[in-house]
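Here is a short briefing for a first look. Please keep the structure in view as you read.

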Amino acid sequence: MTDLRHRGAKDTDPTLQQQPSEDKGSDSELKVEKDVASDGEAKADSEVPEVPAPGDDTPEVLNKALSGLSSRWRNWWVRGILTLAMISFFFLIIYLGPIVLMMIVLIVQIKCFQEIITIGYSVYHSYHLPWFRTLSWYFLLCVNYFFYGETVTDYFFTLVQREEPLRILSKYHRFISFALYLTGFCMFVLSLVKKHYRLQFYMFGWTHVTLLIVVTQSHLIIHNLFEGMIWFIVPISCVICNDIMAYMFGFFFGRTPLIKLSPKKTWEGFIGGLFSTIVFGIMFSYLLAGYRYFVCPVEFNNDSNSFQVDCEPSDLFQLQDYALPAVLESFTGWSTVRLYPFQIHSIALSSFASIVGPFGGFFASGFKRAFKIKDFANTIPGHGGIMDRFDCQYLMATFVNVYIASFIRGPNPSKVIQQLLALRIDQQLHIFNSLKTHLTEKGLLPALEEAAGV
């Protein structure tokens with residue numbers, strides 16, 4: 001008891017609380033937790049090192065042209081001009097095709113990862129932790145190797161089976177991926193430094209959460225792209241539309257704060273963005289659904305060794321008549337309306353982009369407030385970093401992938417045939433006989449033979 005009293009007295013000494021002590025960790029941590037609880041969250045947050053604020057990278061031409069405006073309107077014009085430039089670039093890469101889109105997704109992924117990792121390095125660089133940035137980029141390489149290897153094996157199966165080196169890499173892909181990750185894991189353990197264990201594990205978790213948020217979501221974006229470019233373009237455009245319209249409604253009509261994490265967000269902007277995005281999603285989907293280039297799955301043509309987007313559009317992209325409810329019929333005078341089924345799905349996509357999507361931005365706002373920064377970087381004047389523009393897009397990509405898997409995608413016969421052709425001859429004959437027996441028992445095979453003229 002005497003020892004405990006002495007230890008408690010030492011813990012209350014403010015000069016000793018700042019000294020690192022692993023032997024007295026539990027008592028010290030308990031005392032610190034009580035102190036933090038009494039002082040409030042502000043004191044705890046004040047202990048986080050500040051990240052250097054990025055400078056203003058607004059082009060000098062815009063600065064001179066807008067010098068006579070107030071800061072509020074100057075920011076409005078800067079954001080507007082750069083937004084139009086980014087939208088124009090977005091349509092340009094769509095025109096260049098799916099392979100360019102995939103490259104842009106990879107570039108954006110790397111830039112977002114770099115911005116988040118740089119914040120961690122800026123906060124903790126004074127501790128001289130060994131290998132932090134090196135290991136972070138190494139883990140990025142490992143995770144990309146795993147995900148892109150899975151994608152190549154899944155979508156370019158015939159190409160992989162045709163080339164011997166690719167077939168070997170495909171066969172042992174997961175083992176190679178695990179070995180690469182295990183190497184990084186061992187390097188991290190070897191880099192641990194006494195008195196900084198906890199901090200290093202914080203940064204280890206920082207890197208892995210960043211990989212989960214950035215790399216996994218970008219991989220899902222590419223999967224959505226392979227389902228058809230419309231599944232890539234419409235969700236991204238809905239998020240962009242919601243971001244623009246919420247800003248516009250909030251700028252001109254905003255009065256009621258929406259959430260404390262983002263003081264500038266208002267209920268007027270939120271509701272205006274919701275209705276604007278739903279209308280935009282229905283109209284934009286109608287425009288794209290009539291073109292095979294946008295609705296056909298992106299497939300690899302083995303004969304030409306290139307991507308192709310040509311197919312017979314599915315029922316999802318065929319115009320159909322829908323009966324209107326009595327209320328709408330009395331209001332519009334129409335008994336039916338002719339729509340693409342995809343337009344119905346676009347309502348779900350645009351609603352998610354408007355209602356749940358902004359929470360990706362709120363999450364990013366909370367993250368930035370935790371480290372006392374305004375933006376992730378200053379890559380885009382008036383907008384911040386790349387991550388500031390894609391914080392909602394990653395959440396949207398996950399929803400679209402889950403939505404396709406749950407409500408849209410069915411069995412793919414071409415992939416089944418590809419896997420069958422990769423089997424041995426005796427295995428193919430076994431499956432053939434099993435399938436023949438199954439169809440005969442169902443009474444389908446005789447009818448099929450008659451239809452084929454057998």
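Which residue forms a salt bridge with Glu-227? The partner is Arg-409, and the closest N and O atoms of the pair are 3.1 Å apart. Glu-227 lies in the loop between α12 and α13, and Arg-409 in the loop between α19 and α20, so the pair ties together parts that are 182 residues apart in sequence. This is a predicted model.

**Salt bridges**

- The count comes to 10 salt bridges.
- Arg-409, the partner of Glu-227, is partly exposed, with a relative accessible area of 39%.
- Asp-243 and Arg-389 also meet through their side chains in a salt bridge, at 2.5 Å from N to O.
- That pair links distant parts of the chain: Asp-243 sits in helix α13 and Arg-389 in helix α19, 146 residues apart.
- Asp-243 has 33% relative accessibility, so it counts as partly exposed.
- Arg-292 forms a salt bridge with Asp-310, with the closest N and O atoms 3.6 Å apart.
- Here the two residues are 18 residues apart: Arg-292 is in helix α15, and Asp-310 is in the loop between β4 and β5.
- Arg-292 is partly exposed at 39% relative accessibility, whereas Asp-310 is exposed, with a relative accessible area of 54%.
- Glu-312 joins Arg-292 and Asp-310 in a network of salt bridges.

**Helix α19**

- Helix α19 covers residues 386-408, which is 23 residues.
- At 1.5 Å a residue, the helix should span 33 Å; the end C-alpha atoms are 31 Å apart, which agrees.
- The helix has a kink of about 30°, centred on Cys-392.

- Asp-391 lies in helix α19.
- Is Asp-391 buried or exposed? Asp-391 is buried, yet it has no salt bridge.
- The nearest side chain of opposite charge is Lys-368, 5.4 Å away.
- Leaving aside residues up to four places away in sequence, Asp-391 touches Gly-360, Gly-361 and Ala-364.

**Strands β1 and β2**

- Strand β1 (residues 257-259) and strand β2 (residues 262-266) run antiparallel, joined by 2 bridges.
- A hairpin connects β1 to β2 through 2 residues.
- Pro-257 stands opposite Thr-266, which is in β2.

Conventions
Residues numbered from 1 in each chain as written. Predicted model: local features only at pLDDT ≥ 70, side-chain atom pairs only at ≥ 80, totals over all residues. Heavy atoms only, no water. Helix = DSSP H or I, 4+ residues; strand = E, 2+ residues; numbered from the N terminus. Expected span 1.5 Å × (residues − 1). Bend = angle between axes of the 7 residues up to and from the residue. Buried < 20%, exposed > 50% of the residue type's maximum accessible area, 1.4 Å probe, protein only. Lys, Arg positive; Asp, Glu negative; His and termini not counted. Salt bridge = Lys/Arg side-chain N within 4 Å of Asp/Glu carboxyl O. Contact = heavy atoms within 4.5 Å. Pairing = 2+ DSSP bridges.
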